[in-house]
Amino acid sequence: MDTHASFSDAAEIERPLELRLEPAAVLPQQLARENLYAVRGERRLMLAVLAEAVGTFRRTAGAESRQDQRLFAETAHWFGSDDGGAPFAFANICDTLGLDAGYIRGGLKRWRSDARRQLM
């Protein structure tokens, strides 16, 4: 043992570990674990919906079949809508996930423009 240690240092060493590791703050999510898991699940689902919509948009952008053309039109409409009435509306998903809807729309528009140029 260090001979220069003070009495308070010795007392600190002898305290049980759980008493020495005190949190600086209690986060709200630490108080309600059930709600934290529900939000995480909803956010994961929203991200999956968004990823599926991007994939559908890209897959059906140059579609020839009527069914795929209709699917593209529905997906493009979903991306273009600012209606936040439904929980899984594009605007709500972006708000919940902290994403810029205009940036995503711009990226899809640029991708479609580039894809059209490559076909010419």
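1. A residue counts as exposed when its relative accessible area is over 50%, and as buried when that area is under 20%. Arg44 has a relative accessible area of 58%, so Arg44 is exposed. Keep both cut-offs in mind for the points below. Note too that this is a predicted model.

2. Where does Arg44 sit? Arg44 is found in helix H4. Its C-alpha atom is separated by 9.4 Å from that of Leu97. Along the chain, Arg44 and Leu97 are 53 residues apart.

3. Next, the overall make-up. The protein chain has seven helices and zero strands. Read from the N terminus, the order of elements is α-α-α-α-α-α-α.

4. How much of the chain is buried? Of the 120 residues in the protein chain, 20% are buried. The chain exposes about 9400 Å².

5. Residues 24 or more positions apart account for 47% of them.

6. Now the aromatic residues. Six aromatic pairs turn up in a search of the whole structure. Take Phe57 and Phe79: their ring centres are 5.9 Å apart and their planes stand at 85°, so the pair is edge-to-face. The reasoning rests on two cut-offs: centres within 6.5 Å make a pair, and planes over 60 degrees apart make it edge-to-face.

7. Which parts does this pair tie together? Phe57 lies in helix H4 (residues 33-60), whereas Phe79 lies in helix H5 (residues 66-80), so the pair ties together parts that are 22 residues apart in sequence. Both Phe57 and Phe79 are buried. Compare Arg44, which is also found in helix H4 but is exposed.

8. One aromatic cluster is formed by Phe57, Phe72, Trp78, Phe79, Phe90 and Trp111.

9. Helix H7 covers residues 101-119, which is 19 residues. From its first C-alpha to its last, H7 reaches 27 Å. That is close to the 27 Å expected at 1.5 Å a residue.

10. What caps the N-terminal end of H7? Asp100 does. A side-chain oxygen of Asp100 lies 3.0 Å from the backbone nitrogen of Gly102.

11. Which residues of H7 are buried? Ala101, Ile104, Gly106 and Leu108 are buried in this helix.

Methods: Residues are numbered from 1 along each chain as its sequence is written. This is a predicted model: local features need pLDDT of at least 70, side-chain atom pairs count only at pLDDT 80 or more; totals for chains, interfaces and linings use all residues. Side-chain values use heavy atoms; hydrogens and water are left out. Helices (H or I, at least four residues) and strands (E, at least two) are DSSP runs, numbered from the N terminus. Buried means under 20% relative accessible area, exposed over 50%, partly exposed in between (1.4 Å probe, protein chains only). Contact means heavy atoms within 4.5 Å. Accessible areas come from the Shrake-Rupley method with a 1.4 Å probe; for residues, only the protein chains shown count as cover. The expected span of a helix is 1.5 Å times one less than its number of residues. A polar contact is a pair of N or O atoms within 3.5 Å; within protein, one must be able to donate a hydrogen and the other to accept it, and residues adjacent in sequence count only if both atoms are side-chain atoms. Rings of Phe, Tyr and Trp (its six-membered ring) pair if their centres lie within 6.5 Å; planes under 30 degrees apart count as stacked, over 60 as edge-to-face and the rest as tilted.
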